[in-house]
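Hi there,

Here is the structure I promised to pass on. Please have it open while you read my notes below.

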Amino acid sequence: MPSRRTVLAATAGVTAALAIGTDAHAGTPGDKKLRAIVSRMTLQEKVGQLFVMRVYGHSATAPDQADIDTNLKEIGVRTAAELIARYRVGGIIYFTWAHNTRDPHQIAALSNGIQHASLEQPRGLPVLIATDQEHGIVCRVGKPATLFPGAMAIGAGGSHADARTLGRVSGAELRALGILQDYSPDADVNVNPANPVIGVRSFGADPGAVAGLVAAEVSGYQSAGVAATAKHFPGHGDTAVDSHTGFPVITHSRELWERLDAVPFRAAIAAGIDSIMSAHIQFPALDGSGDPATLSRPVLTGILREELGYDGVVVTDSLGMEGVRTKYGDDRVPVLALKAGVDQLLNPPKLDVAWNAVLKAVQDGELTEARLDESILRILRLKARLGLLDRPYVDEAGIDRVVGTAAHLRAADRIAERTTTLLVNAGGVLPLSRRTHARILVVGADPASPSGTTGPPTTVLAGALTELGFTATALPTGTAPSAATIDKAVTAARDADAVVVGTYNVTAADSQKTLVERLVGTGRPVVAVAVRNPYDVAHLPSVPGCLATYSWTDVELRAAARVIAGRVNPRGRLPVPVQRADDPAQVLYPIGHGLSYQTYAPDRA
């Protein structure tokens, strides 16, 4: 189409030129052509290029009426095409809840529609489309795409090859859909079991282990032509506050930050990471101003750029989160982020406020146009390296040859089998035999599917066990079972040969704990499956068998079923320590703990 030819003519040779040289982020011969593109942009176009924005709807031009209404209410436009025409945004982020990710063919068509809308504009440039495809508990593109275990599960497997495969396969599928920037991997070192926002999104608590897996996953994604994004700099792993709803403070010393939080980010930079996401956290040892890291020049320019030597793209975490809005208004946040050293401004709550604030800051002299040019050049370098300037469209006819193929699904299953962690096996209760435990009752929590395309967990576990030759029945009991629900489960357990119970973030006063204790009291063998945090096991001292899956998506639950049935020998090892519930200063299970069917744990009674 003519608009595409215009872009190709304007950027001819840029991608090839950027391939010359060794530093992926340094100036290259291709910069001359990119600078020429920047020089032709209006100030308004430059401002737009800095923003990555949400938009509702499955189509760039013809979304459902409900999505049109929401777009009008939140953004003041009807469609993605109107968003691009009005604000000339450089990026768009896909969300499940924004109805962007219904199925692979729809996603690819949406991506192509977005590119067409942008390239139709005067001096139009391709849009860098992004999403959060971490796998595990954060996943925007669901089945039939391949879904892998999440980061902490990969940490339990400990295989760099598996992390690289995850990145390569997931990257290939995202690229086929027109998504060329993934906000993954999570490079936080999760040393706080009470962390409400990171937790199993982290590879673990050992900085060296996390660093190796981060680098491997980055390598996988970027070998597939997708920009990986290490997050959340300078490190969100030790907080008890969720930055979506509050303003966390990290109390680590500078020396501890160097030994702990910085290690995975250094590894990501050494691996050639394309983008790094900032955190909305206060880190007094790195900046005593009280500003969040996203708005901190000492953190983003002084440490990330100057000390760590990173010159790639820096993207904010969502500007709609409370952690970045606590101290300053929505009109100041984007300006201060740019002054701090940010390049991409992600998902402001009110785009018109943020966009006009940046424009006014340049017009008033608070920001220079040269400062904008610096960030735009980084963004264009990234778009060029990804081939987006030369090939902005995806082949909708080729999607089924890439997305959710049998080979990709088999790879995910095999990886999941290497992550399932057997924490407790008192008296060798596992594996269960079809001959002696033919009838299995599956009870427990059914948390919502991260992608909206999997689960519910009790049904998936029961179905997988039935496929393995058992007669399994699902009885969902929820995350807070009532006394009546517990009674019903106990009654059903008496007609079963064994019980599998899925637990979800168990606490000391949790009725899930009561459920497990009552089920154990029936005398039937009980196996707990911690479907999110492995810390559940500390609150279940009476359970004879306990597995950790680190997430509740189908691939992890099917692997757990194969372990329960003895089809697979458990190989996962805890990537985080589990403290005692009655004395958190004492470690119940250390990093590296994990049983196999050749080593049984002694009875804990």
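What follows covers a helix, a strand and a pocket.

This is a predicted model, in which local features need pLDDT of at least 70 and side-chain atom pairs count only at pLDDT 80 or more, while totals for chains, interfaces and linings use all residues. Residues are numbered from 1 along each chain as its sequence is written, and side-chain values use heavy atoms, with hydrogens and water left out.

Because 7 of its 8 residues are buried, H15 is largely enclosed by the rest of the structure; buried means under 20% relative accessible area with a 1.4 Å probe, protein chains only. Among the buried residues are Val333, Pro334 and Leu338. Glycine 341 follows H15 and has a positive phi, near 125 degrees.

Strand E16 (residues 545-548) is covered on both faces, with Gly545 and Leu547 buried on one side and Cys546 and Ala548 on the other. Strand E11 (residues 421-425) runs antiparallel to E16, joined by 4 bridges, and strand E15 (residues 526-530) pairs with E16 in the parallel sense, also over 4 bridges. Pairing takes at least two DSSP bridges. In E15, valine 529 stands opposite leucine 547 of E16.

Finally, the lining of the largest pocket divides into 17 nonpolar, 8 polar and 8 charged residues (Ala, Val, Leu, Ile, Met, Phe, Trp, Tyr, Cys and Pro count as nonpolar, Asp, Glu, Lys and Arg as charged, the others as polar).

Best wishes

Definitions and conventions:
Buried means under 20% relative accessible area, exposed over 50%, partly exposed in between (1.4 Å probe, protein chains only). Helices (H or I, at least four residues) and strands (E, at least two) are DSSP runs, numbered from the N terminus.
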